[in-house]
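Here's a quick tour for anyone opening this structure for the first time. Have a look at it, then read on.

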Amino acid sequence: MASPIRLADIVEDALIRVYVEAHREFGPDERAWLPGQVREYELRLDAARMDPEAAVA
């Protein structure tokens with residue numbers, strides 16, 4: 001029997017997707033990111049926490 005999907009699982013998936021996309025876009029080394037890129041990444045993470053299904057789309 002499959003376990004039900006929990007909100008935490010959906011949020012975690014959205015955060016992982018944001019992480020992967022940001023590292024593809026800005027580069028693998030977060031220390032080399034510009035301040036604007038860091039801010040954009042943080043905003044994307046916040047958005048994924050508030051509305052995980054929109055971040056996945």
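This is a predicted model: local features need pLDDT of at least 70, side-chain atom pairs count only at pLDDT 80 or more; totals for chains, interfaces and linings use all residues.

Residues are numbered from 1 along each chain as its sequence is written, and side-chain values use heavy atoms, with hydrogens and water left out.

**The helix pair**

- Helix α1 covers residues 7-26 and helix α2 covers residues 35-50; helices here are DSSP runs of H or I with at least four residues, numbered from the N terminus.
- The two pack at an angle of about 160°, and their axes are 9 Å apart; axes are lines fitted to C-alpha atoms over the stretch in contact, and angles run from 0 to 180 degrees between N-to-C directions.
- That makes α1 roughly antiparallel to α2 (the word is used for angles over 145 degrees).
- α1 passes α2 in a right-handed crossing, meaning that the near helix is turned clockwise from the far one by less than a right angle.
- On the α1 side, the residues that meet α2 include V11, A14, L15 and V18; on the α2 side, Y41, R44 and L45 are among them. Contact means heavy atoms within 4.5 Å.
- The residues of this contact divide into 10 nonpolar, 2 polar and 4 charged (Ala, Val, Leu, Ile, Met, Phe, Trp, Tyr, Cys and Pro count as nonpolar, Asp, Glu, Lys and Arg as charged, and the others, Gly among them, as polar).

**The aromatic rings**

- There are 2 aromatic pairs in the structure; rings of Phe, Tyr and Trp (its six-membered ring) pair if their centres lie within 6.5 Å.
- F26 and W33 have ring centres 5.4 Å apart and planes at 75°, so this pair is edge-to-face (planes over 60 degrees apart).
- W33 and Y41 have ring centres 5.2 Å apart and planes at 80°, so that pair is edge-to-face too.
- Together, F26, W33 and Y41 form one aromatic cluster.
- F26 and W33 are buried, and so is Y41; buried means under 20% relative accessible area, with a 1.4 Å probe and protein chains only.

**Two residues in α1**

- H23 lies in α1 and is buried, with a relative accessible area of 13%.
- Leaving aside neighbours within four places in sequence, H23 touches P28, E30, W33 and Y41.
- L7 also lies in α1, but L7 is exposed at 60% relative accessible area (exposed means over 50%).
- L7 and P52 are 45 residues apart along the chain, and their C-alpha atoms are separated by 8.9 Å.

Conventions:
Angles under 35 degrees count as roughly parallel, over 145 as roughly antiparallel, 65 to 115 as roughly perpendicular and the rest as oblique. Rings of Phe, Tyr and Trp (its six-membered ring) pair if their centres lie within 6.5 Å; planes under 30 degrees apart count as stacked, over 60 as edge-to-face and the rest as tilted.
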